[in-house]
Amino acid sequence: MRITGLVILGFFTFAIGSLCQAAPRPPEGVYSSPQSAESARAMLRDDYAKFQNNDFKGAADGLAALIHSPGFALLNDQEQHAGYYLLGVADMENGDNASGLKMLQIATRSSDAVGVEWHARLIAAFALQDYNDCIESLTTIAQKWPSSLSQLNDQAIFLIARKASEKSDAAAVALLEPIHQFHWTPLDRFSKPDRLWLTLAKAYANLSDETHEIAALNDVHDGGLLVYVRGDKRFDGAVRANPSHYDVRAAIEAGRGPLLETLLCANDLDGAAKLIISELKEPSSRGDTLYTLQDYQDDLKATAIEKETRQRLLSVRNRPDVASAISAVGRVEAYPVLPPNT
């Protein structure tokens, strides 16, 4: 995945100035001339020039040699930071996401790390399906640079949020609270963020934080999701406090939310199958439907209605006509972390 434009922009924010600065002269006689700080700095400039010229193989080879040379330790912190960052992205451009991720993990430890570096790290981690690293990267982006969430694929955000909720309630809150505070909305105008706010509310409920739980639930308007809220005993207090907000019939009649959850709760599996097949044929609804059909970890905290509805969905998903419709549009998690044309 080509992210060179973002990388060059990010590199300019912290590295070019440092490359032009005079570094402290190393002690005489400690290293020979080819291993000196000035020689290492010249190598870094040369490798950056290769990077700019799209010679990623040459840049990666040169940067790897530089980082393992004695002279690299004589560079200042910003220059070393730039070296790790550029090597990480060069590795990614060469198709080596594993090595790229290792370098970007080192680069993002720096206090000078900027948002584009965390985006690059997220892209590498997502390609490797290293979801723990995805959670850390996306959480950092959401907390520090929430406006840049618009650079990411909606479904990738939904997937990583689900992985965070499976990891722990604390991880879910750390990721989703800043996204909620930012009032994030998906790029796809047919998609809604409501399921993220329900996930956030569940995490707060498990942490016995009723104030934040209710704040998250107040932004859940989808009729299908309100079915879950009303069936979850943890939310009884919130429902009693504001019953009109949780009126499922009113929400559906107002066009807030698809009917899939309602059909599943009513055990109308034939109707659910027809709806899924229809939504998979429409580009506008395909992403949300594929997300709904993904495999989930067993949730020990799931309510009885959630477990029963999930089993019904899995039953519908395994029907030959539904399975055929899924295979026609690709693997359930077949989407990149970046949206098209990024």
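Which residues of α3 are buried? Let me start there. One caution before that: this is a predicted model.

The buried residues of α3 are Ala37, Ala40, Arg41, Leu44, Asp47, Tyr48 and Phe51. They cover an arc of only 125° around the axis, so they sit on the same side of α3.

Now the helix itself. α3 runs over residues 37-52, which is 16 residues. At 1.5 Å a residue, it should span 22 Å. The end C-alpha atoms are 22 Å apart, so expectation and model agree. After α3 comes Asn54, and its phi is positive, near 65°.

Next, the aromatic rings. A pair of rings is described by two things: the distance of the centres and the angle of the planes. The count here is 4 aromatic pairs. Take Phe51 and Phe56, with ring centres 5.2 Å apart.

Another of the pairs is Phe126 with Tyr131. Centre to centre, that is 6.4 Å, with 80° between the planes. Again, edge-to-face. Phe126 has 10%, so Phe126 is buried. Tyr131 has 14%, so Tyr131 counts as buried as well.

Last topic: charges over rings. Arg195 lies over the face of Phe158, 3.8 Å from the ring centre. Arg234 lies over the face of Phe235, at 5.8 Å from the ring centre.

That's it from me.

Conventions:
Residues are numbered from 1 along each chain as its sequence is written. This is a predicted model: local features need pLDDT of at least 70, side-chain atom pairs count only at pLDDT 80 or more; totals for chains, interfaces and linings use all residues. Side-chain values use heavy atoms; hydrogens and water are left out. Rings of Phe, Tyr and Trp (its six-membered ring) pair if their centres lie within 6.5 Å; planes under 30 degrees apart count as stacked, over 60 as edge-to-face and the rest as tilted. Buried means under 20% relative accessible area, exposed over 50%, partly exposed in between (1.4 Å probe, protein chains only). A charge sits over a ring if NZ of Lys or CZ of Arg is within 6 Å of the ring centre and within 35 degrees of the ring normal. Helices (H or I, at least four residues) and strands (E, at least two) are DSSP runs, numbered from the N terminus. The expected span of a helix is 1.5 Å times one less than its number of residues. The arc is that of the directions from the helix axis to the C-beta atoms.
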